[in-house]
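Please open the structure in a viewer and keep the selection tool at hand. The stops below are to be taken in order.

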Amino acid sequence: MFEGMPLPISPLHVYALPLWICVFGLGATALLKVQFDREWALTMWTAYQVKRVWQRLADESARTGGTLTSHAIGILSWALLGSLWGVNTSTMPAAETAANGALWGALLGMASLITRQIGGWIGAWVTLEQEAIERGFELDRHMRNWLLWALIALVAWELAQFNGFESRGEMWSHACSVWWIWLGLKWIRQFQSVLSKRLHIGWGIAYICTLEIGPSFLLFEYIG
């Protein structure tokens with residue numbers, strides 16, 4: 001029946017890796033919730049009570065394990081985005097396209113994290129606002145947890161009503177929309193942090209434009 005033609009590929013086979021990333025993300029979330037109460041609380045406060053994050057006491061800081069778990073969740077969110085991008089840009093979807101995309105996404109996430117850390121250290125040296133920079137790092141880390149959860153919900157919803165590989169472009173478009181909405185909310189939180197710490201508004205705008213808005217638009221132009 002399929003002589004001379006490629007065999008049809010199951011969507012479950014192609015999207016197996018994104019689904020596994022979702023499973024690992026849920027496992028990391030459960031670990032964060034059970035083992036690292038302080039990091040979990042800070043993540044929740046970032047969404048609806050951000051002033052509580054800024055005003056917390058020194059003994060309310062996250063443990064190293066919780067911080068590393070949140071960083072891992074952030075890398076998983078980049079890997080999930082990359083896997084969806086890989087499937088969307090491939091003319092013949094396969095498991096390998098999702099794997100390649102996930103690898104590039106994870107590498108990009110790690111590079112983004114390292115670049116932000118180095119840029120933050122330079123910013124702290126120039127502005128002498130070490131505490132404010134550290135709060136910015138924390139805010140970014142907590143918001144990346146929310147990004148993964150939003151993407152997991154999106155993948156589950158999209159695959160539940162999957163209409164064939166022709167709809168993979170629509171799935172990627174929805175993923176990009178989630179990413180942009182998340183970015184907008186994160187930028188608002190960063191700007192609120194600048195106002196809360198009474199930083200020089202020029203330094204705050206320079207930080208957000210240099211390490212947030214500029215790279216995001218360049219990345220979107222590349223992958224769009």
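Select Lys186 first: its relative accessibility is 2%, so Lys186 counts as buried (buried means under 20% relative accessible area, exposed over 50%, partly exposed in between, with a 1.4 Å probe and protein chains only). This is a predicted model, in which local features need pLDDT of at least 70 and side-chain atom pairs count only at pLDDT 80 or more, while totals for chains, interfaces and linings use all residues. Residues are numbered from 1 along each chain as its sequence is written, and side-chain values use heavy atoms, with hydrogens and water left out.

The side chains of Lys186 and Asp140 form a salt bridge, 2.7 Å from N to O; the term denotes a side-chain nitrogen of Lys or Arg within 4 Å of a carboxyl oxygen of Asp or Glu. This pair connects distant parts of the chain, with Lys186 in helix α8 (residues 168–196) and Asp140 in helix α7, 46 residues apart. Helices here are DSSP runs (H or I, at least four residues), as strands are (E, at least two), numbered from the N terminus. Through shared partners, salt bridges join Asp140, Arg144 and Lys186 into one network.

Select Arg144 next. Its salt bridge with Asp140 has the closest N and O atoms 2.9 Å apart. Both Arg144 and Asp140 belong to helix α7, where they are four residues apart, about one turn of the helix. Is each of these two residues buried or exposed? Arg144 counts as buried because its relative accessibility is 6%, and Asp140 is buried with a relative accessible area of 1%.

**From helix α7 to helix α3**

The structure holds three salt bridges. For another of them, select Arg141 and Glu39, whose side chains meet at 3.0 Å, N to O. Here too distant parts of the chain are linked: Arg141 is in helix α7 and Glu39 in helix α3 (residues 37–48), 102 residues apart. Arg141 and Glu39 are both buried.

**Glu158 and its partners**

Now follow helix α7 (residues 130–160) to Glu158, which lies within it. Glu158 counts as buried, since its relative accessibility is 8%. Which residues does Glu158 touch, not counting those up to four places away in sequence? They are Met171 and His174, where contact means heavy atoms within 4.5 Å. Show the side chains of Glu158 and His174: a polar contact of 2.4 Å joins them. Such a contact is a pair of N or O atoms within 3.5 Å; within protein, one must be able to donate a hydrogen and the other to accept it, and residues adjacent in sequence count only if both atoms are side-chain atoms.

**Helix α5**

Move to helix α5 (residues 64–89), whose 26 residues should span 38 Å at 1.5 Å a residue; the end C-alpha atoms are 38 Å apart, which agrees. The expected span is 1.5 Å times one less than the number of residues. Of the 26 residues of α5, 19 are buried, so the helix is largely enclosed by the rest of the structure.

Select Thr69, which lies in helix α5. Thr69 is buried, with a relative accessible area of 10%. Leaving aside residues up to four places away in sequence, Thr69 touches Ala28, Leu31, Leu32 and Phe36.

Finally, select Cys22, buried at 7% relative accessibility, and Cys176, buried with a relative accessible area of 10%. A search of the whole structure finds zero disulfides, a disulfide being a pair of cysteine sulfur atoms within 2.5 Å.
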